[in-house]
Amino acid sequence: MALNKKIVLPSLIAVAILALALIYHQSLADWWQVNAVVVFQALVSGLFMGGIYSLVAIGFTLILGVLGIINFAQGALMVVGMYVTLWLFTTYGIDPYLSLPISVLVLFLVGALIQRFTIRPIMDAPTHNQLLLTLGITLFIVNLILVLFKADPRIIQSDISGTRMFIGEVMISFPRLVAFAGGITIATALFLFMGKTDLGKAIRASAEEREGSALVGINVKRIHLIAFGLGAACAGAAGTLMTPFSTLTPTAGDTFIMIMFAVVVLGGMGNMLGSLLGGIIIGLVESLGAVFLPGSSRLLGVFVVFILVLLFRPTGLLGKK
Amino acid sequence: MGKFSVEHLIRTRLNWGLALIILGLVILLILPQFLGPFLLSLAILILFWAYLGQCWNIMTGYTGQFSFGHAAYFGIGAYTSTWLLVNMGINPWIGMIIGGIFAMLFGLFVGFLAFRSGLRGIYFGLTTFAFSMVLLFLSSNLAIINKTMGIQVPLIGGDSWLLFQFETTKVPYYYIILGMMVVSNIVVYFIGRSKLGYYFKAIREDQDAAAALGVNPLRYKMTGMGISSFLTALGGTFYAQYFYYIDPDLVFGFFLNVEILLGPVLGGVGTLFGPAMGALILTPLSELTRALIRQPPGFLPFLLALQGRAGVDIMLYGLILVVVIIFLPQGLVGWIRQLRRRGHRYLEV
Amino acid sequence: MGLLEVKNLTKFFGGLRALNNVNMEVDKGEILGIIGSNGAGKTTLFNNITGFYRPDGGQVLFKGENITGLKPHVVCQRGITRTFQLVKPFAELTVLDNVMIGSFIRTSNGAEVRKKAQGILDFTGLRGREEQLAKDLTIPDRKRLELARALATEPELLLLDEVMSGLNPTESAAAQELVRKVRDGGVTILVVEHVMRAVMSISDRIIVLHYGEVIAQGTPKEISQNERVIESYLGRASFA
């Protein structure tokens, strides 16, 4: 009885869509003629941006999985990465891509400090308290940047900024392509690290079973420190990769946080592969949303997806029930 | 013997408590006579945040459903009464009630969707947040409410209780918000002692255990949501009539969601006096910080470097939040209670 | 017709059949014990009776009325209250408040509820602990509180899920006394237990579950001599 229901409804929907497509195929074809380029462009930029979202989300998920902490400050940490790169660029003329290792290191240290002094004391506090704590850290960091760098939007004009190529009429922006490639590369490196190295396996073990890991001699406190540092480093890397094509403001992280929650919930809280997939999907949703819902904020589509996921499949695509 | 003296102690303490409250109320009532314009505005703000914090407290503190999207109800209240006033000439007081009803319906809608889907804890919080953001986006893009340009409350020139506007003096605003704050506290007080309050707290502590004892979780969570959202919206109307101008960022803004809950978190979530205490400390603190940054006094030279820079007050907020969560996870009231309980244990011996 | 009738109750969890055509009856005024090895389905049975799970097949009848699939709070309002294996106290509330919440189901009057709750605290031996926070109680007292709370709802049928676990023999004997007192007060009791000595001693009848099926029913003496039960569960010690 229940099995039948699961087939009937989607089939009806599919048939309805097919019927509509057949009826309106001419207008659909005309529309496609006009808008194909726009759609492809949106797919490309959405994909590229999605890679960045994935990177930030993977860092967040790493922290969530290993420490069980919801790191609201992930967006702020990304902004720190951005401004570290900005400072290195304006003070020493260092190209953003060259400053990547520096910002990664800085963010790792910042993350480790945050974990050691503010996160560790509240590891067993109720969830909403943890959320509020990381929120407080966000407010502090973002406004510190605001005080130090002022609110004026800043841009980095590096050698690569603005360079692009064309496939047909679709523009491929190199900085965005590099950001996407960088994001995927770092994510892959992280996956390999977690899967193949001893430290990575120790981290996974701690994520699955904190007490058990401690019992077999894993230094859980150190693991937590490293995991948080890695998560922060991911955010920092994402920030740096974005600088050649983004406008830097201290509050850039605010929208990022909202997008990141959508990514993480869509992918499944605590699932790193889910964050990767979710990032790409949300990137596409955002850019396609801008095409099909002109005028409204591009985030509206993201939030609608967010709400739908929360209501109908809160565990996300790859999350455990 | 021991029991007798503890009982006696409790009874006299109750009388002390009541006396203190009455004294406090009297002070609050006559306060405006002694305050200059700056301090009066400050007092109004403190009462305002105390009120909003208490409304939020009903939902999160007592019923245990962490709401991270209360700006939604605030904004609905502000926009409803203001739009009705500007476009249909409806009296703001009536608009206030209508706004409250709309916010309550929206809150019940969100609650129904979320609770029926079994969303709890952080998932529920994120849902309320998402809905609040949706309202922010919608309001920024709806021409009918002027998008991001907002709506101006038309000045009537003069003072009028009927029309909820006072331009020559702010004192009536003070009494209105004082009344609202007192009412919100009375509501919480009576809820706390009633079956409703007991059921709220049961759900907060352990929803499944509550259900096993005959408590209908959906019904009571919705009730908490409804009361909380209705009252919050009234605050939105007050805001509009006091500041004469609203726009999406002001009344639906992201940070507003945070501001509403900072007071209760500092003071103590789920306590009667928490929100008021939190507001009493935080509001002057942020105002003071902002004033110091704007014009640093001579004897604090290091502030000169920060002069005019926006953001220092919120940095302070963030720091306070972090410190409070780490060292006073149950807020000030919770901390005081802990001290008292430890004191009692020594007394009982 | 018994107070509670479970007919052909079946429950699947994915591909796992947790309960397979369970049939049983509980008569008014008796103490019925349910035993079985871990995973036999005892708590699952409770969850299905009280609405925490929805059965995939079969019916639950209470006083002749079909209560299958009703929500837990409705089941409680009808007269069946359950306790939890891992006790679930309202941690930040006082002992008195905990019990009062149970009483509120039958009356809304605060003063009356307070008096009733006080009486139940006396009955269950928690007198003097009214103002203690539930989270500060010892394990035996927490179990008492769990029972007291359930009693406050004035149930006709009480489902006790492993009340004796974690108690030493003295505490266990006291708990057994309490359960008998509750039955003598007119409440029918369904007890899930692991501690053999306890359940054999207080039950009028016993049902044995094994991998989701009822493999034996009878008096404690009959059960202790049932070959199949001994094979699968009891081992060969005598419990006469």
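Which residue of β10(C) stands opposite Val208(C)?

Hello everyone. What we have here is a predicted model, in which local features need pLDDT of at least 70, side-chain atom pairs count only at pLDDT 80 or more, and totals for chains, interfaces and linings use all residues. Residues are numbered from 1 along each chain as its sequence is written, while chains are lettered from A and ligands numbered from 1 in the order in which they are written.

Let's start with confidence. pLDDT is the predictor's confidence in each residue, on a scale from 0 to 100. Chain A has a mean pLDDT of 87, with 97% of its residues at 70 or more. Within chain A, helix α1 (residues 2-23) has the lowest confidence, a mean of 76, and helix α4 (residues 100-119) the highest, at 95.

Now, which chains touch? I call two residues in contact if their C-beta atoms, placed from the backbone, lie within 7 Å. Two pairs of chains touch, and the pair with the most contacts is A and B. Chains A and C share no contact; their closest C-alpha atoms are 11 Å apart.

The contact between A and B involves 37 residues from chain A and 35 residues from chain B. On the chain A side, two or more residues each come from α5 (127-149), α10 (252-267) and α12 (299-312). Helix α5(A) gives the largest share, 16 residues. By class, that side has 26 nonpolar residues, ten polar and one charged. Here Ala, Val, Leu, Ile, Met, Phe, Trp, Tyr, Cys and Pro count as nonpolar, Asp, Glu, Lys and Arg as charged, and the others, Gly among them, as polar.

Next, two helix pairs inside chain B. Axes are lines fitted to C-alpha atoms, for helices over the stretch in contact, and angles run from 0 to 180 degrees between N-to-C directions. Angles under 35 degrees count as roughly parallel, over 145 as roughly antiparallel, 65 to 115 as roughly perpendicular and the rest as oblique.

Helices α2 (residues 37-62) and α9 (residues 217-243) of chain B pack at about 165°, their axes 8 Å apart, and are therefore roughly antiparallel. Among the residues that meet are Phe48(B) and Trp56(B) from α2(B), and Met225(B) and Leu231(B) from α9(B). This contact has eleven nonpolar residues, four polar and no charged.

For α3 (residues 71-88) and α4 (residues 92-116) of chain B, the axes come within 8 Å and cross at roughly 140°; this pair is therefore oblique. Tyr73(B) of α3(B) and Phe102(B) of α4(B) are among the residues making the contact. Its residues divide into eleven nonpolar, seven polar and no charged.

Finally, chain C. Six of its strands form an open sheet, ordered β6-β7-β8-β3-β9-β10, with mixed pairing. Two strands pair if DSSP finds at least two bridges between them. The edges are β6 (80-82) and β10 (213-218) of chain C, each pairing on one side only. Neighbouring strands are turned by 20° against each other on average, direction ignored.

Strand β9 (residues 205-210) of chain C pairs with β10(C) in the antiparallel sense over five bridges. And here is our opening residue: Ala216(C) of β10(C) stands opposite Val208(C). Helix α6 (residues 169-184) of chain C packs on this sheet, touching β3 (31-36), β7 (157-161) and β8 (188-192).

Definitions and conventions:
Helices (H or I, at least four residues) and strands (E, at least two) are DSSP runs, numbered from the N terminus.
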